[in-house]
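Dear colleague,

Please find below the structure that I am handing over to you. My notes on it follow directly after.

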Amino acid sequence: MHAKLQRRIQRYGWDKAATVYEDGWRDSLKDAQECLLEMAQPREGEAVLDMACGTGLVTFPLAEAVGPSGRVVATDLSDRMIDIIRTETTKRGYTQVDAFRADAESQDNLSDSQFDLVTCALGLMYVPDPMNAMREALRLLRPGGRAVFAVWGARKSCGWAEIFPIVDSRVESDVCPLFFRLGTGDTLASEMSETGFGSIQEHTVVTQLPYEDDEAALNAAFVGGPVALAYDRFDESTRVSAHEDYLASIAQYRTRDGYRIPGTFVVCSGIKT
Ligand SMILES: C[S@@+](CC[C@H](N)C(=O)[O-])C[C@H]1O[C@@H](n2cnc3c(N)ncnc32)[C@H](O)[C@@H]1O
């Protein structure tokens, strides 16, 4: 898929997903985000860049950790995500957070070597060329600075993965090509190494995505995530048939307490030498 089209689908798709995102995904992403924060070890007074920040599920713990003497710059492709993070920043009274719209691949308005830490939680899978975003992280880090990236793991270990072919078969182009590529094998670690990061460490997080019923599972998958733009354009009968197919694909993970869908994440850290 053409990179420009992929960015458009992501930008306007996440605009549509923004208000539903946290309810749909907060519990499912928690283990991966906690692993990233543990590996990142943000410290008081540090300058941090959180790329593809979304609604701030990682940005705000980072802001707590660096405190008012530190700084967190939060960037995302979606205007609506940035609106949410700005509103929440004001509500929480954080002076150390600055959020604005930027593509992870080209954060031209940020000058070189100014951050101690760059994070990107569950964002790189959506970027047309993730190594460009890694190069940006390297450019923006001071020597000795750290980067930590989290991505979804391999397709076979993510029980919700059928959402992509189900939506793709009802639209003209793939909504999220190569989504599982970075989390398969050692791809994330080896691309970080190829970009120039040293001392790379890798963790795998194996978890479950909990949804209390069909409606919660459908909302997260179709409305609050990466296929939101395509779904928004479906007519009613297309929606109904896509719902049926998705529920059939996750039926094996239904328990007496709702769904427990397997999910795996890969989290890697590296140092700018
Ligand atoms: C699954 S959300 C993750 C948000 C947040 N980091 C978290 O952990 O909750 C993915 C985010 O990536 C953003 N995104 C997608 N493509 C991007 C790009 N090329 N540059 C920057 N952000 C992008 C989306 O707008 C969305 O907010």
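How many nonpolar, polar and charged residues does the shell around the ligand have? By class, there are 13 nonpolar, five polar and four charged residues in that shell; Ala, Val, Leu, Ile, Met, Phe, Trp, Tyr, Cys and Pro count as nonpolar, Asp, Glu, Lys and Arg as charged, and the others, Gly among them, as polar.

Please note that this is a predicted model, in which local features need pLDDT of at least 70 and side-chain atom pairs count only at pLDDT 80 or more, while totals for chains, interfaces and linings use all residues. Residues are numbered from 1 along each chain as its sequence is written.

The ligand is surrounded by 22 residues, each with its C-beta atom, placed from the backbone, within 6 Å of it. Trp14, Ala52, Gly54, Ala104 and Ala121 are the closest. Helix α1 (residues 3–40) supplies the largest share of the shell, five residues.

The protein has nine helices and eight strands (DSSP runs, H or I of at least four residues for helices and E of at least two for strands, numbered from the N terminus). The C-alpha atoms fill a box of roughly 55 × 40 × 40 Å, taken along the principal axes. Of the 273 residues, 45% are buried, that is, have 20 or more other C-beta atoms within 10 Å of their own, with C-beta atoms placed from the backbone.

Among contacts (C-beta atoms, placed from the backbone, within 7 Å) between residues at least 6 apart in sequence, 80% join residues at least 24 apart.

With kind regards

Key
A residue is buried if 20 or more other C-beta atoms lie within 10 Å of its own, exposed if 12 or fewer, and partly exposed in between; C-beta atoms are placed from the backbone. Two residues are in contact if their C-beta atoms, placed from the backbone, lie within 7 Å.
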